[in-house]
Amino acid sequence: MNRTPTAPPSMADSVTTGQPAEQDPQPVLGPDPRTVYRGALLELAAADSRVICLDSDTGGLENTFGERFPDRYVNVGIAEANLMTVAAGLARRGFIPYVHTMATFATMRAGEFLKLDVVGNQLPVRVIATHGGLAAAHFGTSHFALEDLAVTRALADLTVVVPGDARQIGAATQQLHELSGPGYLRLGRSATPVLPDPAPEFRLGRARVLREGADVTLVAAGPLPLLLSLDAAAELAGAGIGAQVLDLHTLHPLDHEGLLTACRDRAGVVTVEEHRPQGGLGDAVAEVVSAELALPLRRVAVRGRPGVRVAGQRAALEQLGVSTSAVVDAARQLHARTPAVP
């Protein structure tokens, strides 16, 4: 369903004052994640003849990969279970298949075949799951992917990666390619602002500190959760609370040491995710932090029943409880528990 965009300020906005209408500066958007990924896939295919592109009518791959490598492009149609099985068969024959579908279909509709055929046989299949979280919120609840990380984290020996912005996608794709087993790459749909990181080095399985802070730690995965966390950290700084922001882009295998280092000697931990609270980032962090450091933890995650109105990704996320204010409130609660220094 098309939505009418908000109209920009008109000339009438400045007539009464004689001055141009002031507008808040807009964050600089990065490139579209799917476009960046397709470029990375073409580079891999040019360097490695084992790369096979398996499509499920996602759109865009047929006129990028398909045109350049027509003998290594297969569109199985909207048949996600078959997609996983075909990928497993090709992997058994020595190829490295990259399968493409939306995150909810990769893990819900085709979950059994991902589990048995791909992960169960430890085959080098790369599942490229687009429209993660609420990225397809404009399509309605059938396309929400709010359980996929719980499913994939529960599958032993499946590497699970959620890039923080488009700049991480190329390195994540290359490093997943070098693994001997299966991988799951969760991508969004639309462009998001790039993270304020002057040196965006991506290392699979290694968390990154995006902002220092000595009072509480905000742990997030994915573009919008990280941006909300950074906004929250800036607001908390104005109140005298130092919030460290940690990009935990690899959910499995988890960077235990990096996570513990980031959380140690803090009042508590807030996790921020575009996922249900069960089984996702919050649980992954709690399994480590609560056991090793016995710190209090708050989860900012998607809760409640989705609304009946179609909304954009960020609007839907905020309606379901994941917002800057929610992160700030959670961090303030933890900071208030800190005993006063005598």
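What volume does the second largest pocket have? The second largest pocket has a volume of about 280 Å³, a volume being the space filled by probe spheres set on grid points joined across faces, edges and corners. A pocket is an open set of points on a 1 Å grid over the protein atoms alone, where a 1.4 Å probe fits, with protein on both sides within 12 Å along at least five of seven lines; lining residues have an atom within 4 Å of a point.

The model is predicted: local features need pLDDT of at least 70, side-chain atom pairs count only at pLDDT 80 or more, and totals for chains, interfaces and linings use all residues. Residues are numbered from 1 along each chain as its sequence is written, and side-chain values use heavy atoms, without hydrogens and water.

Of the 18 lining residues, Ser56, Asp57, Thr58, Thr101 and Met102 are the closest to the pocket centre. The lining divides into 5 nonpolar, 8 polar and 5 charged residues.

Elsewhere, 5 strands form an open, mixed sheet in the order β7-β9-β8-β11-β12, where pairing takes at least two DSSP bridges. Because β7 (208–211) and β12 (297–300) each have a single partner strand, one side of each is left without a neighbour in the sheet. β7 runs antiparallel to β9 (243–247), joined by 3 bridges; arginine 208 has aspartate 247 in β9 as its bridge partner.

How values were computed:
Helices (H or I, at least four residues) and strands (E, at least two) are DSSP runs, numbered from the N terminus. Ala, Val, Leu, Ile, Met, Phe, Trp, Tyr, Cys and Pro count as nonpolar, Asp, Glu, Lys and Arg as charged, and the others, Gly among them, as polar.
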